[in-house]
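Here are my notes for a colleague who is new to this structure. Please read them with the model open.

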Amino acid sequence: MAAVVIRDLHWRYENAREPALRGCDLEVEEGAFLGIIGPNEAGKTTLVSCIKGLIPHSAHGVYQGSVRVFGGEVRQKTALQLAAEVGMVFADPEAQFTAMTVEEELLLGAENMGLPLPLIAERLAWVSELTGIADLLQKSPYDISGGQKQRVAIASVLAMQPRILILDEPTSMIDPLGKRQVFEILRRLRTETSLTLIVVEHNIEDLAPLADRLAVVAEGRVARVGTPREILEDTGFLGALGLAAPEVTELFARLRADGLHNGAVPLALDEAVAEGRALLAGARGAP
Amino acid sequence: MAVAGSGAEGHSSVWELAPGEVRHAGIVHVVMLALFTGIGIVVGTFGSLAVPIGFVSAFWPGQAVQAIGGVWYGMWGGIAGTIFPFISNSLSGSAPLPVSLAYVPANFVQSMAAGWAFRAFRADPSLRSGRDWTVWIVWGVLVANLFGSFWGSNVLVFFGLVTRAAWPTVWAGWFVGNTIPSIVLGSLILKYVSPLVVQTRGFTKGYWA
Amino acid sequence: MRRRKTLLGMVPLESPLYQFHPLTRMIGLVVLAVLPLFVLMPEANLVFLAALFVLFAYARVDISRLRIYLPLMVTVAFFMFAITVLAPDRRPDDIRLQVLGVTVYYQPLMRTFASYIRIMAMLFATIFYFSTNHERDMLVALRAARVPFAVSYVLGLSIRSAAMFLEDLTTVRQAEQARGLDDSGLSIKDKLKMYGLYLIPLFTMSLRRADEISNALFARGYTISGRTITGGPRPDYVLSQYRFRARDAVASGALIVLFVGVAALGWRYGAFQLADSPLNRWLAGALQP
């Protein structure tokens, strides 16, 4: 079943001259992990805001086309229905905090849904463990590190157990350690839950190994959708958009273009090491 | 809720609704209410602590925040302007709870006089014309603070905090202490921040949306 | 003494007062801050103030921190007495005195003294509450008192916003200083002008925050009405962690009885008024020509 179906979606913000989206089409299967990449100002955040329903519910502008989540038109759904179905983590974790303590931050969504108290307690324990923030519960969300803040933000959305989780550039404002921790959470979510994950991310190298498919957004349109390998192997296409595939992918794509490598193009370092070994072994064995 | 009607005065203003425009009070208004209350707590406390002369501050910028809130966010700003003095007065120690409670009508008028006048007279919050300035100075500064200082100084007399004979002095101190920051800070903020505010979804053309 | 910084001040990390439910503590605030309103007898309010200071000590509040209120206490006293000297509410039979060549009247001065003590009693009751209650305690108290969630939530967000505004102010100031601004040599007038100019970027930052926070609340299903997706009442996990025990019932009951008793004695039977004050009677007798 399709979790999200977007058809010919156009959106122009009030007071903006140019539309942010100019006819997007996209489908996301339930339980899939979709990575969204694209240059700055391409419309990635606007696109996921339409899936979450922030557009048009919480923004003024001109909306055309259709966004359906689990078969229902987003425009027709209430904030509460959307909250139960789609969770969203924003780029700046601090911008989404409204409570005095981490614990209250985690509770807000679950309480808004009207869950029974024992279930809330259960979820509180689950998300605290999953995101590694159990020792932060009584602290102010403003007095913790950037990486911890983003983990709290993810946990606060996960506590609502939405069917779709959107993360909009979750690592853009945190340090390398924080990034690793966020990707580790994503890896666990992918393997331990049946969540549909939609992640907007510039860090293609870390995103590609996790994603089932990548969507490339450019100039307000979904320019291409495919498996990470299909997308990243076409380094020329990415380069034209100002995007860079992981360095190891670029290296092997060049080697293949030069006829020096005819195997698969690796997407991550581990794969590259394996491919490199095979390549070197082949070279040694060559007459 | 505000809905476009047929009562436009024939000239475009930030208060007019576009044809078919429907505005609802939403979360953003509640957030603005909270943010303005927060700003008022800081500015009001600072003002009360900075230049206190007894229960009256010789320079209370809180009134500028009150008036601006009423202009930009209608009743949401009015509520914020009525609530924040409770907390700022408690934090600065400038008035106990019962006195703050008695100030409520004054704080509401100090917040909403400009809010009402700008809407009633279709004045531009960015203070573009002499007429806009007149509405601001007359309603946002003079009328608001005349009432506020009148009520407030009577509250002080009622609670026995000042003598009846001292009422004119207290009233004048209150009036001047609120009027100067309103003119200086209020005008500055309205002039330079209003052009941004009127483009945001939180800007309130009616009283609630 | 270990303390915890709150958005509104500083509270002790551990205090015997914390064994009481936040609602009991808020009832304490309302009772103690309003009680002096019914009392003008300075001796009674002085006893009340002394009792408050005992409470400060019992609650392990760092009393030295109360020094920050000293300038205010002095200016309020100066203001009230200066007004009374310069513009007394005189009655024909008031006792006239000459102090350092200035004519003053005993009764207006005594009334001012009594009012001053009363206002200090009310003020320190309020300060006591903010010195012993975290923001969360206030919100729990309001929710326990069945105040609608929207109201308590807005109050919490307001307090949070005050802190954000201060953080933004620090950011703007640091940016100014990084560009070489040294405000130490500025006059008060110029400093006030400078703070006025700070307000423009601060307001602009607040507008951005309003958008972000609204989106975050929408994303988590917040509704102004407090409606839930199940249609049932909004659960309150934090509130469920607190229990209103027998000692809370006893303390709240005692506070309410105290309040009703003093209010009834003061309003209905005219007790605790200036005329009842032994100090007043003694001074009036001693100063009578």
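1. Chain C has 10 helices and four strands. Helices (H or I, at least four residues) and strands (E, at least two) are DSSP runs, numbered from the N terminus. Along the sequence, the order in chain C is β-β-α-α-α-β-β-α-α-α-α-α-α-α. The radius of gyration of chain C, taken over C-alpha atoms, is 25 Å, well over the 19 Å from the globule rule for 289 residues, so chain C is more spread out than a compact globule. That rule is 2.2 Å times the number of residues to the power 0.38. The C-alpha atoms of chain C fill a box of roughly 75 × 60 × 40 Å along the principal axes.

2. A word on the basis. This is a predicted model, in which local features need pLDDT of at least 70 and side-chain atom pairs count only at pLDDT 80 or more, while totals for chains, interfaces and linings use all residues. Residues are numbered from 1 along each chain as its sequence is written, chains are lettered from A and ligands numbered from 1 in the order in which they are written, and side-chain values use heavy atoms, with hydrogens and water left out.

3. Of the 289 residues in chain C, 52% are buried (under 20% relative accessible area; exposed is over 50%, partly exposed in between; 1.4 Å probe, protein chains only).

4. Now the cores. A nonpolar core is a set of buried Ala, Val, Leu, Ile, Met, Phe, Trp, Tyr and Cys residues joined through side-chain atoms within 4.5 Å. The largest has 162 residues, and Leu47(A), Ile198(A), Trp72(B) and Phe118(B) touch the most other members. Helix H7 (residues 188–219) of chain C gives the most to this core, with 14 residues. Apart from it lies another core, of 58 residues, including Leu32(C) and Ile119(C).

5. Which backbone spots in chain A deserve a look? Most residues other than glycine have a negative phi, and most peptide bonds are trans. A cis peptide bond joins Ile55(A) and Pro56(A), with omega about 10 degrees. Pro56(A) sits in helix H2 (residues 54–57) of chain A.

6. Glu41(A) has a positive phi, near 65 degrees. Its loop runs between strand E3 (33–37) and helix H1 (44–52) of chain A. At 81% relative accessibility, Glu41(A) is exposed.

7. Glu169(A) also has a positive phi, near 45 degrees. Glu169(A) lies in the loop between strand E7 (164–168) and helix H7 (176–192) of chain A. At 15% relative accessibility, Glu169(A) counts as buried.
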